[in-house]
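I opened my notebook to record, entry by entry, what I looked up in this structure and how each term was defined.

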Amino acid sequence: MNSHSELLRTTLQDFSKKELMHTPRLCEVSFYKILEKAFEIGLFQPGFSIKDTCLILEQLSQSNSSLAVLVFSHLASLEILSFSDLCEASPTPVAFSPFFNFFESTPLAKATLKEGSYSLTGRSESLLLTDHSQHALIPAEIGRSGLTYFLIPLTAQGIKTSSPIRTLGLQYCRLIDLELDNVLGLPVGTSGEGPLYFEQMLNRMSLAGAAVSLGLARGSLSDAIQYAQTRQQGGREIIQWSEIKMMLSNMTIRIKNAELALSQACEAFERKDLHWEENVSAVSLSIQELAPLLTSDGIQILGGAGYTHEFKQEARFRDAYQVQNLLGSLAFRKLRHAQFMNIRE
Amino acid sequence: MTNASTHDFDELPFGLQGLSPAILDEIKVAIDLATQFNQEVVRPRALEIDQKVESDPNFLPWELVNEANRRGFYTLWLPKAFGGKGFSPLSMLAFSEKLGTECLGIANLIGAHYVGIALISATFHFKVLQRLCKTIVDGERTGKPCLLSTAITEPDAGTDLEDIDLIDRARLQCRVERVPGGYLLNGTKVFISNGHLSQWHIVIAHLDRKKPSESAVVLALYSSTPGFTLGRVEGKMGQNACPASVLSFENCFIPDDLICLSPSKDETPEARNAHRNLCSMLVDDVLAMSRPGVAALAAGAARGAFQEALRYCSKAKIDHAPLLNQGWVQCILAEMYKNVKLSQYCYWDAGVQVALKGPFALLQNPFIFSLMKVLPRNIVMSFLAPLLVSQAGKESMLKERLRIQKIGVDKRYSGKSSIAKFTASDLAMENCNLALKLMGPTGFRKDHRVEKILRDVRLLQIYEGTNQLNHINLFKTHILPHLFPQLPTVGVFNE
């Protein structure tokens, strides 16, 4: 690891230790104070290499994956906005759905051109909102096949924001649905190129999504080892029992493999090696699929205690399932991965 | 969605069609009761109760407890001799599965009550059982529910207390001491299902914490006993309708007539060994009876996840065509269906073994079962109850239990119960994984039920002995004695 990355890792570890190593449940007010601090130290800034982005997200995710997903969502939205000159139009994080995939779902919002401006009607689901959000970046359909992203101001007339949607995990992420009734929006880039922009964002940010999953697994393993070294059953620390040792060993091996694969995939992406897209897709899918299984083992090591809010294991387990759906469901992304087999032939 | 799939899952495995008609009828009645409860109470309220507890961990679902009481669920499986309705444990499995399709927390709330009944029954101290059953029956009549909880787990001893081979190494802090007229109880129990909802707490504590396997005491403590306090309700990931409580005991006096099992005052090695053997049988029997119940809950949850996946797939489209047309979706749904069926086979296999070969097999004898069904309750109470509570009755049941131990049948049903528990709970988790895979980002929204089923199911792999402990129990009861009899030095927890 070079000195820049090492400095970044140290900064993150200090930040995590100081701000995130609390009792497992923060109140919402405390979390949003931490979010402010994350902004201040530049964690939401674009311009990091993909390797450093993954480092940031993985480190954050070990302690608090809600924060990691907020950073992820912001960076993903900036990737989309970079295809236009709209970044300055929205200096603060936009409300954006990091779960939407153009190839899986048809947008629920329709856009029509009226007097030179686009007017949107319909719905947009599961957008991540922060206190700072002034705009939303949402997918919409123009006519039958013009899939496009649009930037809309959240205070525009015709927008109805739902109350926060309760979800399985990511308890500090505020997810909302929007109902739109003739809301004026600015198209991002060229109309109809939404899927292309999404795909280019996916190629980079899928590695970042994998990093969030890896962080969850790492955090779970770390807490499981710590617990197993102190908890006694059968007259000894449970880590001395071979079955527990085996479970922890399996977790360690799989996480190490994931870490190596992610690192290599990041390098392949940066160098644009032959078949880099296939590598990126394969690695990110396998890591995102693995995290729920590993965090489940992390609960099992702690037994009944792991199932309670007193420890972070159950939250990691829930988060891992939700994070699995970053940038679309695993199943559809796997089906899409099949395209690489055609290229090989 | 049609009723066809529901009907198919409600059919018993083919091999069970040979059970007596009276039991089969009763199973149908139990399924109907659960179905009605699901439609009228569970489905409309389960998500709301789950979310209420998430926002307020001290919320207790009294309305639900009262409704289950009004419907007679706390006496349905009490012995007819003691005022209950005398339903067979087999019908309880079907009932639990059906309830489990909608909410594991609510199903566990009712099931945990009967774990307490099973524990007292396994001590063969039917006088105490009779007394407790009377209060439960009275509770149904007066509209003031009387539930039982079973208090075994301690802060430093969980797995340790679920296997006789571990218990002597446990770090126990809960203790009893003999005093004139009874026992004094001190200590804390944790993760006690229904703790905050129960009037009776069936506690296992120990006289000699250096040799707990030889000195276990099983007692019934009433909630108003001086010195007894309820601690916090544990904040759990799921099964929120069933609170898991901390119970604290400070010099709680339990009179002799509420002691179900205790070591004899004779301190000879023979007496201590005999008591150890009784405790071993007790733990094995209670777990053998409860584990198929957990497996039934798991089968219900696996079914619930499958039904939610079906519901989703019946409406979802891809490229404007039904998602159900996709082969990969069809394969996943088939896999989920198979998982439900396998879970059912497992729990029925174990449940029938325990019922027909276990310590209370006589009550499942077709003739006796049918006779009990037709005889009026007051007649059964008049002639059977005095027999059961007598010393002769207790000794005769114990003799039968020792006979079962001698021929090794108890090992068989213990192992089968473990298989059922870990298999069904793993398959239920698998179904939740598959449902979430199918549903993608829709699946993790709380207005869909699958995320709750996932959270609820996860606990099934932990309680009634972790799945790892159940694997070891299977090795101990089936594999070691039958496949490695020539290796007497091999044992479990011997590393």
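What covers the buried residues of α14(B)? I began with this question, keeping in mind that this is a predicted model in which local features need pLDDT of at least 70 and side-chain atom pairs count only at pLDDT 80 or more, while totals for chains, interfaces and linings use all residues. Residues are numbered from 1 along each chain as its sequence is written, chains are lettered from A and ligands numbered from 1 in the order in which they are written, and side-chain values use heavy atoms, with hydrogens and water left out.

Entry on the helix. I found that the cover includes α7 (276-302) of chain A, and also α7 (269-315) and α12 (409-439) of chain B, where contact means heavy atoms within 4.5 Å. Helices (H or I, at least four residues) and strands (E, at least two) are DSSP runs, numbered from the N terminus. Among the buried residues of α14(B) I noted Leu469(B), Asn473(B), Leu474(B) and His478(B), buried being under 20% relative accessible area with a 1.4 Å probe and protein chains only. Helix α14 of chain B, residues 467-483, also has a kink of about 35° centred on Phe475(B), the bend being the angle between axes fitted to the seven residues ending at a residue and the seven starting there.

Entry on the strands. Ala111(A) has Leu120(A) as its bridge partner in β3(A), and stands opposite Ile142(A) in β4(A).

Entry on the second largest cavity. Its volume is about 90 Å³, counting the space filled by probe spheres set on grid points that are joined across faces, edges and corners. On a 1 Å grid over the protein atoms alone, a cavity is a set of points where a 1.4 Å probe fits but cannot get out, and lining residues have an atom within 4 Å of a point. The lining includes Arg43(B), Glu102(B) and Arg311(B), and its largest share, four residues, comes from α7(B).

Terms used:
Two strands pair if DSSP finds at least two bridges between them. Buried means under 20% relative accessible area, exposed over 50%, partly exposed in between (1.4 Å probe, protein chains only). On a 1 Å grid over the protein atoms alone, a cavity is a set of points where a 1.4 Å probe fits but cannot get out, and a pocket is an open set with protein on both sides within 12 Å along at least five of seven lines; lining residues have an atom within 4 Å of a point.
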